[in-house]
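Have a look at the picture first, and then we'll walk through the strands, a helix and the core.

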Amino acid sequence: MTAHQPISAPVFPADTLAAMAALYPLKAGLLRHHLPDHPLLSIEALAELAESMPVSAVEYNPGNVPIGIRPEDVPSNGLSIGETIRTIDTNGSWAVLKNIENVPAYRTLLMDLLGELKSVVEPRTGAMLTPQGFIFISSPGSITPYHFDPEHNILLQLRGTKVMNVWPAGDERFADRREHERYHGGGHRNLPWQDDFHADAQQVPLAPGDAVLMPVMAPHFVANGDAPSISLSITWRSEWSYRESEAHAANAALRRMGLDPAMPPRWPSYAWARSVGWRIARKLRLVA
């Protein structure tokens with residue numbers, strides 16, 4: 001495994017931190033980065049990384065899937081993960097390597113990048129909890145289906161181009177509260193899609209040197225450009241994001257009891273009663 005190469009200059013310039021301060025934590029938007037070519041992020045290094053990871057940390061499939069495909073309908077591409085990455089230029093696939101922070105060299109890279117963001121993040125949402133990293137490798141024209149994620153996230157585009165199509169977090173027109181409850185109860189991240197969602201999309205085009213700030217649970221899908229793509233996603237959680245997750249999980253339990261609970265409030269509010277109640281119930285093992 002290639003060792004971590006120290007980064008000699010800031011990756012996120014001052015104007016990026018200022019732009020992020022105007023967006024974070026509720027709005028998606030374009031940022032810039034200066035992450036140089038890095039030996040840990042070459043195709044061969046990523047193939048070797050993927051081959052060393054547990055099966056649960058690797059996901060890959062054909063890239064020409066529908067925007068709203070159900071997770072159980074996603075087919076196999078018939079290749080190994082190493083073959084998928086090494087031939088990504090021509091095999092029409094999409095792959096993600098999850099939790100790269102479990103590999104020491106990649107954790108060092110991740111923590112170096114997150115460290116540059118603390119001055120913006122911590123005054124707004126507190127400590128940066130549970131740092132995680134994800135690497136996306138995509139063939140030309142591939143699609144990442146419509147879904148949401150529970151983390152605060154910045155995706156750095158390193159090679160190729162793509163368009164991030166994103167919708168407002170917490171807007172039930174695009175992700176009903178029941179979808180949040182299903183996800184926070186252990187369900188898949190993919191969401192039901194409707195073609196008329198296109199009209200309300202915020203489109204963020206990305207080229208090498210661009211990055212996009214993604215809010216917690218903002219529905220989105222990604223359309224790759226006409227060249228192979230590599231992107232690095234650096235993520236963290238906050239106490240608020242955990243409280244929101246717990247409120248949705250508590251709502252799922254209330255719905256199973258025949259109630260119809262309201263959507264939890266967004267930042268900076270907390271659904272304190274539901275969150276605390278959920279933590280107590282978990283501690284007492286009253287819920288799974």
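Strands β4 (129–138) and β11 (229–237) run antiparallel and are joined by eight bridges. Within that pairing, Phe134 sits opposite Ser233 of β11. On its other pairing, β4 meets strand β3 (residues 93–97), again antiparallel, over four bridges, with Ala95 standing opposite Ile137 of β4. Strands and helices here are DSSP runs, numbered from the N terminus: a strand (E) needs at least two residues, a helix (H or I) at least four. Two strands count as paired if DSSP finds at least two bridges between them.

Before going on, a word about where this comes from. This is a predicted model, with local features needing pLDDT of at least 70 and side-chain atom pairs counting only at pLDDT 80 or more, while totals for chains, interfaces and linings use all residues. Residues are numbered from 1 along each chain as its sequence is written, and side-chain values use heavy atoms, leaving out hydrogens and water.

How are their side chains placed? Here are the values, where buried means under 20% relative accessible area, exposed over 50% and partly exposed in between (1.4 Å probe, protein chains only). A polar contact is a pair of N or O atoms within 3.5 Å; within protein, one must be able to donate a hydrogen and the other to accept it, and residues adjacent in sequence count only if both atoms are side-chain atoms.

| Residue | Relative accessible area | Side-chain polar contact |
|---|---|---|
| Asn153 | 10%, buried | Ser233, 2.5 Å |
| Gln157 | 0%, buried | Ser231, 2.6 Å |

Next up is helix α4 (residues 104–115). Its twelve residues should span 16 Å at 1.5 Å a residue, and the end C-alpha atoms are 16 Å apart, so the two agree. (The expected span is 1.5 Å times one less than the number of residues.) Which residues of α4 are buried? They are Ala105, Tyr106, Leu109, Leu110, Leu113 and Leu114. An α-helix has 3.6 residues a turn, so residues three or four places apart point the same way. The buried residues of α4 pack against α2 (43–52), α5 (118–125), β4 and β11.

Finally, the core. The largest nonpolar core has 44 residues, and Leu97 and Ile135 touch the most other members. Helix α4 gives the most to this core, with six residues. Such a core is a set of buried Ala, Val, Leu, Ile, Met, Phe, Trp, Tyr and Cys residues joined through side-chain atoms within 4.5 Å. Ile135 has contacts (heavy atoms within 4.5 Å) that include Leu41, Leu97, Tyr106 and Leu232. Strand β4 is mostly covered, with eight of its ten residues buried.

Definitions and conventions. Expected span 1.5 Å × (residues − 1).
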